[in-house]
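Open the model in your viewer and keep the sequence panel beside it. This tour moves from stop to stop, with something to select at each.

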Amino acid sequence: MISWNTNFLQPSPDVNDTTKRALIILNQPFSAALLLRVWNSTQWHCCADGGANRLYDLLSSSNLEKEGIHPEQYLPSLIKGDLDSLRHDVREYYSSKGVHVIQDDGQDSTDLMKCVKALEEKEAAEQSDQYDIIILGGLTGRLDQTIHTLSYLHKLRKSRKRAFAVTDDNVGWVLDTGEHDIQIDHDILGQTCGLLPVGIDSTNLSTKGLRWNLTNHPSCFDGMVSTSNHLVPGQDVWIQTSNPIWWTAELKNIS
């Protein structure tokens, strides 16, 4: 059985948590509150192309400056992509602060994929265990980009132990074939959740800890899809699936 949690969304990092995490920031909107939570719970930070614009603009806002938060306090380890979205002023700013900016014009991989490749190179150089990947964005905005996120994490399950996508509304990840125990932080996760048979013909699902549980129930796009299910207060969730499936849960308002 594989255990999961969303500790990277805690208001303050757990000093006893030794999990190594990498944050990849995509070119999509996000709140300052969410950014600060995932940034402070991760050790390596990478912007995928125009994600650097989002980071810079958010941290340069007058409201955050009044709170003593400035861009130089949150410098990414790397900016990588084909750089067709990265603004000149943002590139100049981060370059002046010593941030590595790498242009990769390869058209066979997306900016997200290029950032994951950079992480894999870092892990190989360090001869370290894998980092958990936290993708900030990827589940909002353009439908084709959302489908790419769903597809890419479906593929990543074969080579990465844990990869999450998070926005201000949702957190989601792929559950591979087998049994899963999901530790639910009811202070962070909202009521609604879903099990989505993306990238497969069908699966058989069994669950515990949901308002509408399933027992060896088939799920597919041509049949039943467990959307708008509910978490049960005070309970964790157990899921058994015969094929890989996406798990999603809504987030409560993070402030």
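Which residue in β6 does L23 stand opposite? Select L23 and look across: the residue opposite in β6 is I134.

Before going on, note that this is a predicted model, in which local features need pLDDT of at least 70 and side-chain atom pairs count only at pLDDT 80 or more, while totals for chains, interfaces and linings use all residues. Residues are numbered from 1 along each chain as its sequence is written, and side-chain values use heavy atoms, with hydrogens and water left out.

**Stop 1: strand β2**

Select residues 21-25, which form β2. Helices (H or I, at least four residues) and strands (E, at least two) are DSSP runs, numbered from the N terminus. β2 pairs with β6 in the parallel sense, over 5 bridges. Two strands pair if DSSP finds at least two bridges between them.

Is β2 enclosed or open? 5 of its 5 residues are buried, so the rest of the structure largely encloses it. Buried means under 20% relative accessible area, exposed over 50%, and partly exposed in between (1.4 Å probe, protein chains only).

**Stop 2: the cysteines**

Colour the cysteines. How many disulfides does the structure hold? The count is 0. A disulfide is a pair of cysteine sulfur atoms within 2.5 Å. Zoom to C115, which is in no disulfide: the nearest cysteine sulfur, that of C46, is 3.3 Å away. C115 is buried, at 0% relative accessible area. Then go to C220. Its closest cysteine sulfur is in C193, 19 Å away, which is too far for a bond. C220 is also buried, with a relative accessible area of 19%.

**Stop 3: strand β10 and its partners**

Select residues 189-196 for β10. It pairs with β15 (residues 245-251) in the antiparallel sense, over 5 bridges. Find L189; its bridge partner in β15 is L251. β10 also pairs antiparallel with β13 (residues 226-230), over 3 bridges. There, T192 has H230 as its bridge partner.

**Stop 4: the largest pocket**

Show the surface. Rolling a probe the size of a water molecule over the atoms shows where empty space is left. On a 1 Å grid over the protein atoms alone, a pocket is an open set of points where a 1.4 Å probe fits, with protein on both sides within 12 Å along at least five of seven lines; lining residues have an atom within 4 Å of a point.

The largest pocket is lined by 21 residues. Select T110, D111, L112, R142 and Q145, which lie nearest its centre. Which elements give two or more residues to this lining? They are α5 (111-126) and α6 (143-156). The lining divides into 3 nonpolar, 12 polar and 6 charged residues. Ala, Val, Leu, Ile, Met, Phe, Trp, Tyr, Cys and Pro count as nonpolar, Asp, Glu, Lys and Arg as charged, and the others, Gly among them, as polar.

**Stop 5: single residues and their contacts**

Contact here means heavy atoms within 4.5 Å, and residues up to four places away in sequence are not counted.

- T6 lies in the loop between β1 (2-4) and β2. It is buried, at 3%, and touches V171, W173 and I188.
- E179 lies in strand β9 (residues 178-182). It is partly exposed, at 33% relative accessibility. Its C-alpha is 4.3 Å from that of Q240, 61 residues apart along the chain. E179 touches M1, I2, W238, I239 and Q240.
- N40 is in helix α1 (residues 32-40). It is partly exposed, at 41% relative accessibility, and touches P13 and Y74.

**Stop 6: two positive phi angles**

Finish with Q127, in the loop between α5 and β6. Its phi is near 50 degrees, a positive value in a residue other than glycine. Q127 is exposed, at 75% relative accessibility. Last, select N216, in the loop between β11 (203-208) and β12 (217-219). Phi of N216 is likewise positive, near 50 degrees, and N216 is exposed, at 52% relative accessibility.
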